[in-house]
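This briefing is for a reader new to the structure. Please look at the chain first, then read the points by topic.

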Amino acid sequence: MSTQAVAQTVDFDPFSRDFFDDPYHTYTMMREHAPCYYSERYDFYALSRFDDVVQAHRDVATFSSAHGLTYEALTSEEPQTSPGAIITMDPPDHPHYRKLVSRSFTPRSIDKYEPLVRQIVNTYLDPLMGRRSMDLLEEFAGPFPVEIISTILGVPPADRQKIRHWTDTMLHREEGSATGNQAATEAGIAQGMYLYELTQQKRAQPADDMISALTQAEMETATGERVGLNDAEIAGLCTLLAAAGSETVTKLMGNVIVLFHRYRDEWAKLLANPTAIGNAIEEALRFWAPSQYQGRYSMVDSTWHGVTIPKHKPVLLITGAANRDPRRYENPDRFDINREPGLTVGLGHGIHVCLGAALARLEARVATEEIARRWPAYQVQESGLRRVQMSNVAGYSAVPVTVP
């Protein structure tokens, strides 16, 4: 069968059970036979090879973020207009908004949060000691990351888990459905209104937290004018930070727990050499990326591998496929914590690389250290594993384990 004929048989459906559970065989077919894939069913294009994904992330003139990141957002011809939503901004506006918060998320700045991270991690793990079985997703990896990002933002303790539940509902997709349901819409409105009202409170009564700092901050616009952020813009920024700060680490930690159960030799390496934990987290991000694709909107015609992507079309940059490209990685389907990471796209790339990447890595490192210290011989109960069904996020909703 010719390459063209094989390409016509490739079926990538980001709303299918195949995508939610295990899309990696499909990714292999895409990379090899349809590296610039076109979906007749949904009318989108997709790039899956590592170099192509990196190039497209960097080419903001060709691939715009202003129409959103998910397929359903990209189907609109009108740009997204949510105030403060830097993830859907292009230059020249994007760098001015991102600069306001990026200094708080540099690796050096994140170091100061390690005591907070470890304290919150231990707050969730300590009560599990003495038990023989538990769900490390529902009881640990689900709740602890949102506690951390919400504490940093200044969300009151009683409201922090609301952020996670709203975000989960917003991202949920029924199998075969390209759009969210009424519950997703209502959750988005509720979270936005909550953060807007909280911003108003912080402006009136500032505290030592990020939302309060943002109410006092000024940025220099593209015209050189110095302006402050209004409450809607701050709420938009915090919606992004809260959602990304909870979902990314939750899915990453669920993946880490399952991966080290399945690859016991790699777990043994880590137990014997705890200094390898940073590399191990990078390998988990590569092997099972929490965010499987980032959407872009084609602004001009461009040609990839003989296929022209027309302007004004949704384009999916498949991070999950790029991470397994044999052109980039030797033995890419092998989970190897000693692999040299090099340039990675596990948390995105380019101007929209995950703002909280350093915090996510810190949280994953501390959480893995504490699990290894408590339960070096844990076992995942495979029959109880459950995966999420979400727009572009991949991972588990249940990870039951037993310990000696």
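A residue counts as buried with under 20% relative accessible area, as exposed with over 50%, and as partly exposed in between, using a 1.4 Å probe and protein chains only. By that rule Phe44, at 0% relative accessibility, is buried. This is a predicted model, in which local features need pLDDT of at least 70 and side-chain atom pairs count only at pLDDT 80 or more, while totals for chains, interfaces and linings use all residues. Residues are numbered from 1 along each chain as its sequence is written, and side-chain values use heavy atoms, with hydrogens and water left out.

- Helices (H or I, at least four residues) and strands (E, at least two) are DSSP runs numbered from the N terminus, and Phe44 is found in strand E2.
- Contact means heavy atoms within 4.5 Å; not counting residues up to four places away in sequence, Phe44 touches Phe12, Pro14, Tyr37, Tyr38, Ser39, Tyr71, Pro314 and Leu316.
- From C-alpha to C-alpha, Phe44 and Ala183 are 26 Å apart in space, and in sequence they are 139 residues apart.

**Aromatic pairs**

- A pair of aromatic rings is described by the distance of the centres and the angle of the planes.
- Rings of Phe, Tyr and Trp (its six-membered ring) pair if their centres lie within 6.5 Å; planes under 30 degrees apart count as stacked, over 60 as edge-to-face and the rest as tilted.
- The count by this rule is 26 aromatic pairs.
- Phe50 and Tyr329 form an edge-to-face pair, because their ring centres are 5.9 Å apart and their planes stand at 90 degrees.
- This pair ties together parts that are 279 residues apart in sequence, because Phe50 lies in helix H4 (residues 50–58) and Tyr329 in the loop between helix H17 (319–322) and helix H18 (357–374).
- Phe50 is buried at a relative accessible area of 2%, and Tyr329 is buried at 5% relative accessibility.
- Tyr263 and Phe335 have ring centres 5.3 Å apart and planes at 50 degrees, so this pair is tilted.
- Tyr263 is partly exposed at 28% relative accessibility, whereas Phe335 is buried at 1%.
- Ring pairs also link a cluster made of Phe12, Phe15, Phe19, Phe20, Tyr24, Tyr27, Tyr37, Tyr42, Phe44, Tyr71 and Tyr293.

**Charges over rings**

- A charge sits over a ring if NZ of Lys or CZ of Arg is within 6 Å of the ring centre and within 35 degrees of the ring normal.
- Arg324 has its charged end over the ring of Phe287, 3.8 Å from the centre of that ring.
- Arg387 has its charged end over the ring of Trp288, 5.4 Å from the centre.

**Packing of H10 and H11**

- Axes are lines fitted to C-alpha atoms, for helices over the stretch in contact, and angles run from 0 to 180 degrees between N-to-C directions.
- Helix H10 (residues 143–153) packs with helix H11 (residues 160–171) at an angle of about 115 degrees, and their axes are 8 Å apart.
- On the H10 side the contact is made by Pro143, Val146, Glu147, Ser150 and Thr151, and on the H11 side by Arg160, Gln161, Ile163 and Arg164.

**Positive phi**

- Most residues other than glycine have a negative phi.
- Asp43 is not a glycine but has a positive phi of about 60 degrees; its place is in the loop between strand E1 (36–39) and strand E2 (44–47).
- Asp43 is partly exposed at 27% relative accessibility.
- Asn331, also not a glycine, has a positive phi of about 50 degrees and is found in the loop between H17 and H18.
- Asn331 is partly exposed, with 47% relative accessibility.

- Ile351 lies in the loop between H17 and H18 and is partly exposed at a relative accessible area of 29%.
- Neighbours within four places in sequence aside, Ile351 is in contact with Val60, Pro91, His94 and Arg98.
- Ile351 and Pro91 are 260 residues apart in sequence, and their C-alpha atoms are 9.2 Å apart in space.
- Arg386 is found in strand E12 (residues 386–387) and is partly exposed at 46%.
- Leaving aside neighbours within four places in sequence, Arg386 is in contact with Tyr396, Ser397 and Ala398.
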